[in-house]
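The stops below go from one selection to the next.

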Amino acid sequence: MPNSDLLARSLSAVWHPCTQMKRHETLPLVPITRGAGVWLFDADGRRYLDTVSSWWVNLFGHCNPRINASLTDQLGKLEHVMLAGFTHEPVVQLSERLRELAPVGLGHCFYASDGASATEIALKMSAHYWRNHGQSEKSQFISLANSYHGETLGALSVTDVALFKDAYGVLVRQNSTVPSPDWRDAASGESAEDYALRCAAALETHLQQHHSQLAAFIIEPLVQGAAGMAMYHSAYLRRARELCRQYGVHLIADEIAVGMGRTGTLFACEQGGIAPDFLLLSKGITGGYLPLSVVMTTDAIYQAFYANEVARGFLHSHSYTGNPLACRAALATLDIFAADDVIAANQRKATRFNQLAAPLREHPKVKDFRNTGMIWAFEVETPHRDFAQRCFSLGLQHELLLRPMGNTVYFMPPYVISEEEFRMLVTHTLTIIEQLT
């Protein structure tokens, strides 16, 4: 089937996510028929380098043979059983593996299907914890300015994106934000660490004033993705952990996008030397194969719900919670991390790729070039108000899947990208920038 047929059928029947569908009258959808490694292929045989890991989920390439083999094996055993009142080997094994790998103290796993659901679970669990302790007034939350934690209603209440607030504000409980430690906002001559600590002082002021009503502080460790890959110093994590403990407020680490090795360590929290009260995982945990999310928490929080009364139990469920196929994909992903020493390999790659990216960093129209782990980002000085759309369209012409946020271009490729492929990414991106500046 050619691209044109698939496009027509999709526009007739599919409502695509977070999309103004009218735009596709002039900006065609990209029909994909297969994937291999870092490449996606359309029906007409054109290929595109998946520089954004298909919305930040793919770690080890499309159609990875090892993950494929695990799923094929699981298909012959058990496709699904509800996790209420039942259990199975993949979910038990995954929970045990995660407990061994995560920061100390995170020993209990609650499962859902996507990142926003993980946020919902953590918010509910935190507020319910305080209720079970006789402190039901602790039901408010705080997050960083420009934060993003999902698009369901609870997640939107801790998401600071103006477009969503304008559209759905009347449906959403309003919570407060504190300044982001994004180092791009530092004063002239102020280091990233000093700015992070200055922002942490603002957090302390807020906690001093409002801790009696606050259940939790939710944060994207090290990198705020939807804020344009806003990166900040790990000193903020350390100070936030200290302050939350001091003022009796839970710390929720949303590692949905930044966990699973993306920032250079398996969990971003490791770089701050901290253990949060809740750790949220999704996206890359299954290698980009199947929807799965996990909320990890402590024994103290788990014990607060352990009682005879049903009302003291955690009242939350999803039909596909802990799906065996998704858990097997996650286990295969963890196996690859261990067998291939992925964290060390990625650190070597990042060092080399930063060298290859020097022409981008030094381009006169590129500003605030930055890197954390396997994430690169920069802003482009451009006269085009529709830069993101133009960059996306030109990217496709140059075999690149680029999805800028405003004038922020970022690379978040699968970890299996080769040096040759990264060099091509840099070269073709430079060509696109030259055309748009």
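Which side chain meets that of E379 in a salt bridge? Select E379 and R184: their side chains pair at 3.1 Å, N to O, a salt bridge being a side-chain nitrogen of Lys or Arg within 4 Å of a carboxyl oxygen of Asp or Glu. The two are 195 residues apart, with E379 in strand β14 (residues 375-380) and R184 in the loop between β6 (176-178) and α8 (192-210). Helices (H or I, at least four residues) and strands (E, at least two) are DSSP runs, numbered from the N terminus.

This is a predicted model, in which local features need pLDDT of at least 70 and side-chain atom pairs count only at pLDDT 80 or more, while totals for chains, interfaces and linings use all residues. Residues are numbered from 1 along each chain as its sequence is written, and side-chain values use heavy atoms, with hydrogens and water left out.

Colour by accessibility next. E379 is buried at 11% relative accessibility, whereas R184 is partly exposed at 23%; buried means under 20% relative accessible area, exposed over 50%, and partly exposed in between (1.4 Å probe, protein chains only).

Now select K367 and E381, a salt bridge whose closest N and O atoms are 4.0 Å apart. K367 lies in strand β13 (residues 366-372) and E381 in the loop between β14 and α14 (387-397), so the pair ties together parts 14 residues apart in sequence.

Finally, go to L266, in the loop between β10 (250-254) and β11 (278-281). L266 is buried, at 13%. Its contacts (heavy atoms within 4.5 Å) beyond four places in sequence include L101, F337 and I343.
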